[in-house]
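This report looks at a ligand's surroundings and at two residues that a database record lists. Look over the sequence and structure first, then read on.

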Amino acid sequence: METAAPSAVIVAIDGPSGTGKSSTSKAVAAKLGLRYLDTGAQYRAITWWMITNGIDTDDADAVALAAGKPAIVSGTDPAAPTITVDGVDASGPIRTREVTSKVSAVSAVPEVRALITDLQRGIAAEAEGGIVVEGRDIGTTVLPDADLKVFLTASPEARAARRSGELRGKDAADVAATKEALIKRDAADSGRKTSPLAKAGDAVEVDTTELTLEQVIECVVTLVEEKRAGRK
Ligand SMILES: Nc1ncnc2c1ncn2[C@@H]1O[C@H](COP(=O)(O)OP(=O)(O)OP(=O)(O)O)[C@@H](O)[C@H]1O
Ligand SMILES: Nc1ccn([C@@H]2O[C@H](COP(=O)(O)O)[C@@H](O)[C@H]2O)c(=O)n1
């Protein structure tokens, strides 16, 4: 499926929640003139549509039956990524706590994964200059022939502190609750049967716990440049 132009580079960035996938991928894509795809936003979008349309997100059969109904469109400009559902801007609604708590159940449904995976492969194939695609199963399932695969990690403590700081300031109770929620989501994402969160065998693992965001971006940019140089 990866049929972009010969000079194009396809980069897959996977990892658990809060490891810095979105921030890193957007910045790397912007620096290198590549497109950017946030696949988590697509799973959040279909989850938001299920909730809005009264589908019980714990009922896998009902979710599977409805999965083909919403039209999900992702804009891949790293400076201004967009996501719409049936033509409606969903970028705000997909970030609510309700969607975050239900997205793992919806994304575990094989029919949902099949549809979203097709969508992702189509977007990658159309990105003539190349693309950075971030998610949980990009290197293992969606784009197994990606030119570069990166798997970001960070300690649960670092990830919770980052997320809590983002929400309301670094209160100890917030950090503990956030840590529990992200561990629970990672366990669900890693434990599902269909394309679970996993590091591809040929992915480069980068532990970001002690790194600044700028250092992680620089590290990935260097890895992409090394790949490009090796292809000349
Ligand atoms: N190396 C880092 N050091 C400090 N803060 C970071 C670092 N990387 C990312 N962050 C911050 O951590 C938060 C989470 O980052 P980001 O949204 O990029 O993670 P993610 O892996 O895409 O998360 P999710 O999978 O939950 O969407 C953001 O506020 C981001 O600015
Ligand atoms: N390739 C992917 C990407 C995401 N998911 C599911 O979506 C959830 C939300 O992802 P965020 O990156 O926006 O936090 C995530 O917890 C997964 O359930 C996925 O399955 N595959």
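## Gly15

Gly15 is found in the loop between β1 (9–14) and α1. The model is a predicted one. Is Gly15 buried or exposed? A residue counts as buried if 20 or more other C-beta atoms lie within 10 Å of its own. Gly15 has 25 other C-beta atoms within 10 Å, so Gly15 is buried.

Which residues does Gly15 touch, not counting those up to four places away in sequence? They are Lys21, Phe151, Leu152 and Thr153.

## Ser22

Ser22 is found in helix α1. Ser22 has 17 other C-beta atoms within 10 Å, so this residue is partly exposed.

When neighbours within four places in sequence are left aside, Ser22 is in contact with Asp38 and Glu134.

## Around ligand 1

The shell around ligand 1 holds 17 residues, of which Gly20, Lys21, Ser22, Ser23 and Arg162 come nearest. Two or more residues of this shell are given by each of the elements α1 (21–32), α7 (156–167) and α9 (213–231).

How do the residues of the shell around ligand 1 divide into nonpolar, polar and charged? The shell has 10 polar residues, 4 charged ones and 3 nonpolar ones.

## The database record

An unreviewed UniProt entry lists a "binding site" made up of Gly15, Pro16, Ser17, Gly18, Thr19, Gly20, Lys21, Ser22 and Ser23.

Methods: Residues numbered from 1 in each chain as written. Chains lettered and ligands numbered in written order. Predicted model: local features only at pLDDT ≥ 70, side-chain atom pairs only at ≥ 80, totals over all residues. Near = placed C-beta within 6 Å. Helix = DSSP H or I, 4+ residues; strand = E, 2+ residues; numbered from the N terminus. Nonpolar A, V, L, I, M, F, W, Y, C, P; charged D, E, K, R; others polar. UniProt positions renumbered as here; feature names shortened; annotations may be inferred. Buried ≥ 20, exposed ≤ 12 C-beta atoms within 10 Å, placed from the backbone. Contact = placed C-beta atoms within 7 Å.
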